[in-house]
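Here are some notes to read alongside the structure, written for someone meeting it for the first time. Take the points in order, and keep the 3D view open as you go.

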Amino acid sequence: MRDLKANAIILIAYLLAGIGSFLMAIPPGFIAPVWLPGAIGLAAVLLVGYRALPAIVIGAILLTLPYGLFVLEAGPVSSLAGSAGLALAAALQAVIAKRLIHPGTVSAMSLETGPQLARLIAVGAIFASLCGAALASAWLTIGGFAPPDLDFWTAFARNWAGNAVGAAAVSPVILLLFAKERVSRRRKRNVALVFAILSVIGLATFATTRFNAIEQRREAFATLITEDHIALQERINGARRRLESLHALFAASETVTDQEFATYVAIAFGQFDSATSVHWLVSEDGGKLSQHALLDPPAELVATQARAILVTSDRRVVTDHYFEGLPNLVESTLLTGMLSGTPLFGEGDEAWIGLALPAFAGNTIPATVNDRRRDFRGIAVGTFDISTIISRAFTHEGDDYSFRVSGIGSDGVAPWSFGTLDADSRLTTSLPLAIGDETWLIEFAATDRFLAEKQDWLSWAVIVIGLIFITMLNALALMSTARTDLVQRLVDEKSAEALALSNNLSLVLEHAADAILSVDGNGRGVLVNPAAAHMLGYELDALTGEMIHELIHPVDLQGRPHNRTECPVFQGSPDQSRHSGIERFRRKDGSDFFAEFSTEIIISPDGTNVGAVTILRDITARMEEEADRERFIEQLTRANEELERFAFAASHDLQEPLRLISNFTGLLASRHGDKLDESGLTYLRHTLDATARMQTLITDLLAYGRLNSDADAMNTDVDLTALVSSTLDTLGPAVQAARDHIEIGSLPVVRGNPARLGQLMQNLIGNAVKFQRAGQQAEVRISARDLGKSWEIEVADNGIGIKPDYREQIFKPFKRLHSPDTYPGSGMGLAICRKIVQSHGGMLTIVDNIPTGSIFRFTLPKALPTESGEVGTPSETVDP
C-alpha cells in the first residue's frame, strides 16, 4: 500500500511536470526546451529508491504516446514502440543516477556540503541525462519514430540539454523539501522561496521573450504572404488590363476581322501564360458576332451555334463558345459595371477563373443598371488557369506556407475553394481579394520548414541559460542556508546537551549517595545536594550563603580547633587543585563523624581561587568495620598459628605410636610367625597394611596443610620441560615401565613454586599410569596452550576415566572412588593438586579424553619478561 501511494504521487507529479514542459514547447517539432519530468524521476528514485521506477515508466508512456499519435501521426504501433523506448531511457537514467549517487541505499539528502551538491548535479543531472538522452535519441532516430527532419545529434543535444538543466535546477530543491532528517523547516522555506522567486522571474522572462519571438515570426510571415498577395493582385490586374485593351481594339475600328482579333490576342495575352481563352461578346444589334481566341481552352468551354445571352428584354449577346456560369458572369458585369469573375472547375485538380469586363458607350461607366444595359456595347471575357496564376504569384507556396482560396459571395457563403490548407499549422492568417462583387478569401498556413527557419532559439537560450543561472543561485542558497542550518542545529544540539546535562546534573546531585558541597572563593556555600544536607543534619537551603567551614569542620582530624586558613578541605593552590583525605566533620546537633573527602579547587585563568567542590562520604561505619576486621584477622592469625603448631605436634605424636605398632608387629611376625596359624598371619599383615596407610594419610594431610605456608615461594621461573623430565626420574617402577609411552610436548616457562609444581606433575602423571585397565598399556600426553595472560597445561591419559557425576568429588580430601586393594592410595592426591594450582592463581578441571581416559587441564601464570621483552616460550620436545 505504501508503494502504491508513493507511485501515485510520483506519477501525478511526473505528468504535471511533463505538461508544464510541453506548454513551454517551441514549434516546430514541439520539443520542450526543458524536460522537468527528468528532475521528478531523479528526485523520486533518490528519495524512494527503485520502487519509484513503475511511476516513471508509466508517466513517460502517458506523456509521449499522445505526441506520437496526434502530433507525429505515427500510428498506434509506432507511437507505442517509441513511447516504450523513451520510457526505458527514462528508467535507465534514473537507475544510473541512483547507482552512482547512492549505490544500494535509499537516501534522504540534506545537501549540506558542496561536494554532495556537486555530485548530485554532475552525476545525477549531467551524466545520467547524457546516458538517457543518448538511448532516447538512438531509439527515436534509428528506430524511425522521430520526425523526418530530426537527426540523431540534434535530438541528442536537445534531449540532453533539456534533461540536464531541468534536473540540475529542480531536483536539489525537491530533495531538500522532502528530506526528513537534518533539514529544518526554515531552511526548506527559505530555499523554496528563493527558488519560487527565481522561477517566476525566469518564466516571466521566457514568456516575454517567447511572445516577442512569436510576434516577430508572425510579422515575418505576414510580410511574406503580403508580398505574394500583392503579386496575386497584380496578376489579376494584369488580366483586367488586357481585357480593357480589347475595348480599345474594338473602339478603334468598326470592323475587326477574326485574323486581326487572333493576332491582337496573341500579342496581348501570349506572354500571360495563365490565359486559356479570350472572347469579345457584342449585342445582336451591333451587327457583329462574338469573336474568340482559343489559346488553351478548358474542356468546359464548349462550341455552340450562336447561343444568345439576354442583356435586356430586347437585346442579347451572342457567343458560339459557352461555359457554365457565363450568363451569370455577364449579368454580374452589368450589375457592377466592373470586372467580375466566376470559377470554372474541371476534372481532378483542374480549375479556371472566368473574368469579364463590360464596355459602354462613352468614356464613363453609367451610374445605374438600366443605363448600363442601355449603353452596353460589348463585354471582354477571358478564362485563366488558377494554378498558373497562383504559382506565378505565390512564389513561397509549398516551402513556406500552404494556402486555400475561397470565393465569398455577397451573401457571405463560400460556394467554392481551391488549394489545400494545413489545418494543424501553429501559424495561420488570411487576406481578402475583391473581384467585382465577389471576394476571394485567401488563407495561409505556415509550414514546418518556415517555422524551423524562424526557430525561436532566443527563447530556448533564455530558458536554458535561465535555468543554469537558477541552478547556480540555488546552489548558493543551498550552501548558505546549509551553513545557517548547521550552525543552528549545532546550537540546538549544544543547548539540548546543556539542558540535558543540567537536568542530569540536577538528578545526579539530587540522587547522589555522597554529599556534594560547593563554596565560593570566600568559603560561603553555593550548592548543597540533599545527601549533604541529610548527612550534616541541615535543611537543604540552610548551608547556602553560610561559612561552611565554621559550621561543619571546626576541628581537625585529632579534634583540635582550627580556622579556615588551616582547613585542608576547602583550601588549595594552582599546583595542587585536587586533593583528598579523611577528616572529622560536625553535624548540626554537635556530633562528630569521620568522612572521606575529595576536593577540586576552582582556579580562575589569573590563578585566583574562586571556589571549590567537595564530595564527602561518611566512613564512620567503615572505620569501625575495618577495626573489627583487623581484630578478627589478628585473632584468626593467632588461631592458625596455634592450629599449625598443633598439627605438627599432633602428627609427631600420632606417628610415634604408629611406628611402635608397625615395629612391634613386624617383630612379632618375624620372631613368632611360625607359631601362628594362617589366620594369625593374616591378621598381622592387615595390621601392617593399616599402619602403613595411616602413616600415608598423616603424611598427605600434613603436606595438604603446609601448602598455605609456601605463598612466598611462588615467584620463581620454572621450566616445565625440565621439571617434568626430573619428575619422571623420581617416580616408581610402574611409571618407568610406561616411560616410552609418555609424550611430552613443547612446554613453557611459568612462574611458581618448583617443589609444588613438581608434586603437581608427579601426582597427575602417577595417577595417569596407575588408573589403567588390567593388561592395558598406559598412554600419557603432556602439552601446553597459550591463553594470552597465562598458560594452559594439559595431561591426557587413556585410563579408566571418571564419570561426570564424580568430577568434583575427586578433588575433595580423602575422597576415593575405588577400594585400596584395587587402586592403592590415600585419596589426597587430587585434592593436593587442585590446591597447588589454586595457590598459583589457576584452576584445575577434568574432561573426557575420547574415546577413553581423562584430560586434566590447569592454568599457570607466565614467566616474567626477559630483558629483551620476551616471556617464557615453550621448550623443544624432549625425549622422556
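Which residue just after H9 takes a positive phi?

1. **The whole chain.** Please keep in mind that this is a predicted model. The protein chain has 21 helices and 23 strands. Of its 880 residues, 43% are buried. Looking at contacts between residues at least 6 apart in sequence, 62% join residues at least 24 apart.

2. **Helix H9 and what follows.** The opening question is settled by Gly-337, which has a positive phi of about 75° and comes just after H9. The helix itself covers residues 326–336, and its buried residues are Leu-326, Leu-329, Val-330, Ser-332, Thr-333 and Leu-334.

3. **Helices H6 and H7.** On the H6 side the contact is made by Ala-169, Val-170, Val-173, Leu-176 and Leu-177, and on the H7 side by Arg-187, Lys-188, Val-191, Ala-192 and Phe-195. Sorted by class, these residues are eight nonpolar, no polar and two charged.

4. **Helices H7 and H8.** H7 (residues 185–252) also packs with H8 (residues 258–269): their axes come within 11 Å and cross at roughly 150°. H7 is therefore roughly antiparallel to H8. This crossing is right-handed. From H7, the residues Arg-242, Leu-243, Ser-245, Leu-246, Leu-249 and Phe-250 meet Phe-261, Tyr-264, Val-265, Ala-268 and Phe-269 of H8. The contact of H7 with H8 comprises nine nonpolar residues, one polar and one charged.

5. **Strand E8 and its partners.** Next, have a look at E8, residues 401–408. Six of its eight residues are buried, leaving the strand mostly covered. E8 runs antiparallel to E11 (residues 438–446), and eight bridges join the two. Within that pairing, Tyr-401 is opposite Ala-446 of E11. E8 also pairs with E9 (residues 416–418), again in the antiparallel sense, over three bridges. Here Ser-406 has Ser-417 of E9 as its bridge partner.

6. Zooming in, Ser-518 sits in strand E12, which covers residues 515–520. E12 and E13 run antiparallel and are joined by three bridges. One thing to look for is the bridge partner of Ser-518 in E13, which is Leu-527. Is Ser-518 buried or exposed? Its relative accessible area is 14%, so Ser-518 is buried. Beyond residues up to four places away in sequence, Ser-518 touches Arg-524, Gly-525, Val-526, Leu-527, Ala-612 and Val-613.

7. **Gly-523 in the loop.** Between E12 and E13 there is a loop, and Gly-523 lies in it. With a relative accessibility of 10%, Gly-523 also counts as buried. Which residues does Gly-523 contact, leaving aside neighbours within four places in sequence? They are Glu-546, Met-547, Ile-548 and Arg-564. For Met-547, which is 24 residues from Gly-523 along the chain, the C-alpha atoms of the two are separated by 5.6 Å.

Terms used: Residues numbered from 1 in each chain as written. Predicted model: local features only at pLDDT ≥ 70, side-chain atom pairs only at ≥ 80, totals over all residues. Heavy atoms only, no water. Helix = DSSP H or I, 4+ residues; strand = E, 2+ residues; numbered from the N terminus. Buried < 20%, exposed > 50% of the residue type's maximum accessible area, 1.4 Å probe, protein only. Contact = heavy atoms within 4.5 Å. Pairing = 2+ DSSP bridges. Axes fitted to C-alpha atoms, helices over the stretch in contact; angles between N-to-C directions. Parallel < 35°, antiparallel > 145°, perpendicular 65-115°, else oblique. Left-handed = near helix turned anticlockwise from the far one by under 90°. Nonpolar A, V, L, I, M, F, W, Y, C, P; charged D, E, K, R; others polar.
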